[in-house]
Amino acid sequence: TVHRRPPLKKKMPSSSGIILEGYLLKQGLAHNNWKKRWFELRPDSLTYYHKERAEEPDLVIPLSDVTNVCPINAPDSNVVT
C-alpha cells in the first residue's frame, strides 16, 4: 500500500528517543472511518496525537503490550493498493 502523503521521517536517536514520525491513518472506534493522526515511534512505545505538534498525546501504546502486527488496506482515496 502506498500513501500519497509525505513519508515518515527517520530521525537520528535524540534525547526525545523518536525513531520515526509522521502521519498515518488509524481506524476510528465509533464509526470505523479512517482518521489521519500524527504518530511517533520510540524504542519502547508508539504514540499518536490528533495533529502534529499537539502538546498531549491521544494514546501511548507500550510496545511490550503488542502481540501481533498485520498489514491492512485502508479504504481511502489517497491509498494505492
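Thr 47 sits in strand E5, which spans residues 45-49; strands here are DSSP runs of E with at least two residues, and helices are runs of H or I with at least four, both numbered from the N terminus. The model is a predicted one, so local features need pLDDT of at least 70 and side-chain atom pairs count only at pLDDT 80 or more, while totals for chains, interfaces and linings use all residues. Residues are numbered from 1 along each chain as its sequence is written, and side-chain values use heavy atoms, with hydrogens and water left out.

As for the overall make-up, the protein has seven strands and zero helices, giving the pattern β-β-β-β-β-β-β along the sequence. Of its 81 residues, 23% count as buried (under 20% relative accessible area, with exposed over 50% and partly exposed in between; 1.4 Å probe, protein chains only). Among contacts (heavy atoms within 4.5 Å) between residues at least 6 apart in sequence, 26% join residues at least 24 apart.

Leaving aside residues up to four places away in sequence, Thr 47 touches Trp 38, Phe 39, Glu 40, Arg 42, Pro 57, Leu 59 and Val 60.

Val 69 is another story: this residue lies in the loop between strand E6 (59-62) and strand E7 (79-80), and its relative accessibility is 72%, so Val 69 counts as exposed.
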